[in-house]
Each structure stands twice: as structure tokens, then as C-alpha cells.
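Work through the exercises below with the sequence and the model open. Each task is followed by a solution in steps.

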Amino acid sequence: MLKVTIIDVTDCKFMDNLSGNQGGGLYVYTTIKWTISSTDFLNNIAEQIGGAIFGINCTLIETVNSTFINNTASENIAGGVYVMESTHLFMTACYLYHNLGKEGGGGGKTFYVIYITITKSSFIGNQGDVGGGLYCSGAKEVQNFSIKIH
């Protein structure tokens, strides 16, 4: 089995995808670095976790200038982005609109991510039982600069 250590997704569109479990648009497992830039995630569904993206056990995650619209975790958590058991999460100039995480984290959820930095991003009209915009738990350090949650 080939192990992917670096993932770079640029100027792409993930639309109308369905996962019976995790990561409706994209599922990332055990990478050193993944970067998503200028990419749209539209109308993706994961029946469990991470309507648009599910990432686990990653060292460095960067999401820049990307849009997450109408993504759904139909039975569980994080309609937009779910990241767990990872080291660094940087989100810059991202827009998360009208995502649904039935049990929490409509826009996104982080679970045991050590360092989280969100800059110049908007969370608007997302829904979840807990943390409609963003739900963070288990983080060592969270830095939010210029974050807008409506």
C-alpha cells in the first residue's frame, strides 16, 4: 500500500457527493501535510461525520480561500469540516454557509487538534445541536483572529 504524505488540492470543485460514513466530499487519513486552496465543496453528504471533509491523524492542515456550502452530516457531526487527532489546523479566508451537522458543529468540528488558527473566515447560517458555527473540543491552543460567526 502506498502512503500519501502530501496532498495539494487547488481550484477544484467537490459537488453532490455522498459517503455512507465519513467525508462526503473528501476523506484524508494519516498525511504529513494537506493543503486545500480555492476549492468549492457544494452539497456533499456524509451519513455520519464531515459532510464536506473528514480528516484524521494529520500533521499540518491548511485550508485557504475555499467555500463550503450546503454540506450535511445527516446523522452525526460536522456538516462542513471535521478534523480529529491532528496537530495544526490553519483556516484562512474560508466561507462556511448553510452546512448542517445534526448533532453539532454545523460549519465544522475539531476533536483533539492541538493548535487551531482561523483567520478572516465566515461561518454563516450553519446548524447543529451544539456549536452551530464551529465546535472545538480537546484543543491545546485555539487562536481565532477576525473570525465572523453569524
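**Exercise 1. Strand pairing**

In which sense do strand 14 (residues 100–101) and strand 17 pair, and over how many bridges?

Solution. The model is predicted, so local features need pLDDT of at least 70 and side-chain atom pairs count only at pLDDT 80 or more, while totals for chains, interfaces and linings use all residues. Residues are numbered from 1 along each chain as its sequence is written, and side-chain values use heavy atoms, with hydrogens and water left out.

Step 1. Strands are DSSP runs of E with at least two residues, numbered from the N terminus, and two strands pair if DSSP finds at least two bridges between them.

Step 2. Strands 14 and 17 are joined by two bridges and run in the parallel sense. Gly101 has Gly128 in strand 17 as its bridge partner.

Step 3. Both strands belong to an open sheet of five strands with parallel pairing, in the order 3-7-11-14-17.

**Exercise 2. A buried lysine**

Describe the surroundings of Lys109.

Solution. Step 1. Locate the residue: Lys109 is in strand 15 (residues 108–119).

Step 1. Check burial and charge. Lys109 is buried (under 20% relative accessible area, with a 1.4 Å probe and protein chains only). Lys109 has no salt bridge, meaning a side-chain nitrogen of Lys or Arg within 4 Å of a carboxyl oxygen of Asp or Glu. The nearest side chain of opposite charge, that of Glu103, is 10 Å away; here Lys and Arg count as positive, Asp and Glu as negative, and His and the chain ends are not counted.

Step 2. List the neighbours. Leaving aside residues up to four places away in sequence, Lys109 touches Ile77, Ala78, Val81, Tyr82, Val83, Leu134, Tyr135 and Ser137 (heavy atoms within 4.5 Å).

**Exercise 3. Aromatic pairs**

How are the rings of Tyr27 and Phe54 arranged, stacked or edge-to-face?

Solution. Step 1. Rings of Phe, Tyr and Trp (its six-membered ring) pair if their centres lie within 6.5 Å; planes under 30 degrees apart count as stacked, over 60 as edge-to-face and the rest as tilted. The structure holds six such pairs.

Step 1. The Tyr27 and Phe54 centres are 5.1 Å apart and the planes lie at 25°, so this pair is stacked. Tyr27 is in strand 4 (residues 26–29) and Phe54 in strand 8 (residues 53–56), so the pair ties together parts 27 residues apart in sequence.

Step 2. Phe54 is buried at 1% relative accessible area.

Terms used. Helix = DSSP H or I, 4+ residues; strand = E, 2+ residues; numbered from the N terminus. Buried < 20%, exposed > 50% of the residue type's maximum accessible area, 1.4 Å probe, protein only.
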